[in-house]
Amino acid sequence: MHGIGTITDSNTMFCYFEMIEKLGAKSILDAGMLLKRIGAVSRQMAGVEINAEAVLCGIDFYPEIHLPIFAEVYNEIRTEKDFIHCLDNNLECFACMKNKKFDLAVMLEAGQVLDELDQIKITEYFMQNVNGILADEPVGKWMTGRGMIKGYYPICIESSRFAWIPVKELRS
């Protein structure tokens, strides 16, 4: 079982909302459900928000903490176990996407909770089904080291380090 996974780093929260806004993302796959982990009860925080029309899907790495409000915040949620089951059985993972690519996948402070095989499966799904990935720097380094991508664009906010990966451009 994973730990609670609460996020308190304001740089991580800022980067999440800022990238969604700057990209104008209309579909977001939130691996690790950052909004749940920061304690948000809506799609907004400190004056920034995710557009209500945007499709927001979550992969919940912490299903033992069940809060019904997140069924309202996210359009569709899969537990990590259910998501991996869908991948293993070639099932549609998110019905609301109807085989369209996500504009953005986010995996912030979440990669370290996955076992290696699940991280590979989720990352391979990203590579096929998203246009861009926002991750923390260790995930960017891990993907580069495994030869999944040629590299990443570093984003530095104070002492926090993130990786921006436009998939089409940086795919190996």
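## Ground rules

Residues are numbered from 1 along each chain as its sequence is written, and side-chain values use heavy atoms, with hydrogens and water left out. Since the model is predicted, local features need pLDDT of at least 70 and side-chain atom pairs count only at pLDDT 80 or more, while totals for chains, interfaces and linings use all residues.

## The sheet as a whole

Seen across, the open sheet has 7 strands in the order E5-E4-E1-E6-E7-E9-E8, with mixed pairing. Strands and helices here are DSSP runs (strands E, at least two residues; helices H or I, at least four), numbered from the N terminus, and two strands pair if DSSP finds at least two bridges between them. At the edges sit E5 (76-79) and E8 (153-157), each pairing on one side only.

On one pairing, E1 (residues 27-31) runs parallel to E6 over 3 bridges. Ile 28 has Leu 104 as its bridge partner in E6, and Leu 29 stands opposite Ala 105. E6 is also joined to E7 (residues 130-136) by 5 bridges, again in parallel; here Met 107 stands opposite Ala 135.
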